[in-house]
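Subject: A structure for you to explore

Hi,

Here is the structure I promised to pass on to you. Have a look at it first, and then read my notes below with the model open beside you.

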Amino acid sequence: MRRPGGRRNPRESEIPMPSLNNAVVLVTGANGGIGTQFVHQALARGAAKVYATARTPRTWDDSRIVPLTLDVTDPASVQSAVEAASDATVLINNAGANPPTASLLEITEADLRQNMETNFYGPVLLARAFAPTLAAATDSVLIDVHSVASWYAFGGIYSASKAALWSATNSLRLELAPRGVHVVGVHMGYVDTAMAAHADGPKMTAADLVQAVLEGVEAGAYEVIADATTAGVKAALSSPVEMLYPEITGAGR
């Protein structure tokens, strides 16, 4: 950003780009396809340690990977993780869940609430819990994995929960920036993982997604738009709602 008259803001050159080199990374949902890629690629970029968290952690053949039990919907589990990973400098909110149906009218109230607990409250409360740890670190980063569903409501409560997380990420970015924490939001379409096994159409690989995310982090990006589908949906948000959802007028029938 330049000041009026073309003068450069002196703080601009003072703010270092985030780096994974020597970072201590905590990944939620580390057992899944995307989570596993975050673990391996963070180490490949120089991370000193990765806490690989899951409700039931797996065994890893690398001494730099520390399996850690974490249920993002359980406050006691979150607090235990904060205490165990007190040296974390990068938090990757990757864990998420699909609801049993995309219909807001047919989903049970229990499943409706549970999906919000996992996809919204979980990552937000984890970010809150780790905020003091990240603020005390150097080159600290918070990465929230959203979805094209943040902007396109094809997934019922899944879309609603990801939209809520997107908004929360923007708020966290504003609050954490003065504390020296770089916040990155990630949006993508289908990824070739077990969660998207039911979906038709093109899918990007988990490896390509994570590469794009970590390259974005190290380039100082605040948002990663990982594929053309997601870029198109984001661009369409400025159009009338019936352009994004033509079926509501009967044009899509």
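Ring pairs join Tyr152, Phe154 and Tyr245 into a cluster. Rings of Phe, Tyr and Trp (for Trp, its six-membered ring) count as a pair if their centres lie within 6.5 Å, and planes under 30 degrees apart are called stacked, over 60 edge-to-face, and the rest tilted. Before you go further, please note that this is a predicted model, in which local features need pLDDT of at least 70 and side-chain atom pairs count only at pLDDT 80 or more, while totals for chains, interfaces and linings use all residues. Residues are numbered from 1 along each chain as its sequence is written, and side-chain values use heavy atoms, with hydrogens and water left out.

How many aromatic pairs does the structure hold? There are four. One of them is Phe120 with Tyr121: the ring centres are 5.0 Å apart and the planes are at 65 degrees, so this pair is edge-to-face. Phe120 counts as buried, at 17% relative accessibility, whereas Tyr121 is partly exposed at 40%. (Buried means under 20% relative accessible area, exposed over 50%, and partly exposed in between, with a 1.4 Å probe and protein chains only.)

The rings of Trp151 and Trp166 also form an edge-to-face pair, because their centres are 5.6 Å apart and their planes are at 85 degrees. This pair links distant parts of the chain, 15 residues apart: Trp151 sits in the loop between β5 (140-145) and α4, and Trp166 in helix α4. Helices (H or I, at least four residues) and strands (E, at least two) are DSSP runs, numbered from the N terminus. Trp151 is buried, with a relative accessible area of 5%, while Trp166 is partly exposed at 27%.

Gly156 is in the loop between β5 and α4 as well. Is Gly156 buried or exposed? With 12% relative accessibility, Gly156 counts as buried. Leaving aside residues up to four places away in sequence, Gly156 touches Ala102 and Leu104; contact here means heavy atoms within 4.5 Å. The C-alpha atoms of Gly156 and Leu105 are separated by 8.9 Å, although these residues are 51 apart along the chain.

Now to the helices. Two packed helices are described by the angle between their axes and the distance between the axes. Helix α3 (residues 109-135) packs against helix α4 (residues 157-176) at an angle of about 15 degrees, and their axes are 9 Å apart. The axes are lines fitted to C-alpha atoms, for helices over the stretch in contact, and angles run from 0 to 180 degrees between N-to-C directions. So α3 is roughly parallel to α4 (under 35 degrees is roughly parallel, over 145 roughly antiparallel, 65 to 115 roughly perpendicular, and the rest oblique).

Which residues meet there? Among them are Leu112, Phe120 and Val124 in α3, and Tyr158, Leu165 and Leu172 in α4. By class, the contact of α3 with α4 has 14 nonpolar, three polar and no charged residues. (Ala, Val, Leu, Ile, Met, Phe, Trp, Tyr, Cys and Pro count as nonpolar, Asp, Glu, Lys and Arg as charged, and the others, Gly among them, as polar.)

Asp139 is partly exposed, at 31% relative accessibility.

Enjoy exploring!
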